[in-house]
Amino acid sequence: MYDRIPEALERLAKESDADFIICDTGADSRIPLRVAEDFANLALIVSEQSRTALRAAETTAVRLSECRNVKEVRLLINNFDIEAARRGGRAGILDMIDGCSIRCIGVLPEDRGVAARQDAGLMPHKASPLIPASRNIARRIQGIETPLFNGMKKERRRTVL
């Protein structure tokens, strides 16, 4: 079954007028490497803030960079909890990038309401920080230089004097 996926994606690419085809695969399977070996030219590795996830991301990046068609491997930080990073309980963005040595394509911030909306078959609320974050990632995939937090609400840091 796994051997058919690259063939199906190749056929889809030839028969459609799509600019991009995104294939979301589980990290702990043979599918990502099989698809990348035959088909992918950009690999997005999605990781959360845990040390375990970052080690897995780095391992996956090394394997994907050895695939013949993959021209670029990028990190997509998912469900980023800024408060946990500030408290020191979770890795910050720069810690994540340094920890797995993968160039970052974007950050999807934590949105506690999104799971309930998805379960109800709804899109994220229009005020969700996921909307501008997703747009920024899409722009970067297209090669458009975009600041990491373009259009997103700025978090104010408290400074102690």
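## Helix α7

Which residues of α7 are buried? In this predicted model, they are L130, P132, A133, N136, I137 and R140, and the elements against which these buried residues pack are β2 (72-80), β3 (103-109) and α6 (114-119). In general, an α-helix has 3.6 residues a turn, so residues three or four places apart point the same way.

The helix itself covers residues 130-141, and its 12 residues reach 16 Å from the first C-alpha to the last, close to the 16 Å expected at 1.5 Å a residue. After α7 comes G143, whose phi is positive, near 90 degrees.

## Nonpolar cores

The largest nonpolar core contains 22 residues, and those with the most contacts inside it are I45, L64, V73, I77, F80 and I102. At least two residues of this core come from each of β1 (42-47), α3 (51-65), β2, α5 (93-100) and β3. A second, separate core has eight residues, among them V114, A133, I137 and M152; of these, A133 and I137 belong to the buried residues of α7.

Leaving aside residues up to four places away in sequence, I45 touches A57, T60, A61, L64, V73, R74, L75, L76 and I102.

Terms used. Residues numbered from 1 in each chain as written. Predicted model: local features only at pLDDT ≥ 70, side-chain atom pairs only at ≥ 80, totals over all residues. Heavy atoms only, no water. Helix = DSSP H or I, 4+ residues; strand = E, 2+ residues; numbered from the N terminus. Expected span 1.5 Å × (residues − 1). Buried < 20%, exposed > 50% of the residue type's maximum accessible area, 1.4 Å probe, protein only. Contact = heavy atoms within 4.5 Å. Core = buried A, V, L, I, M, F, W, Y, C linked by side-chain atoms within 4.5 Å.
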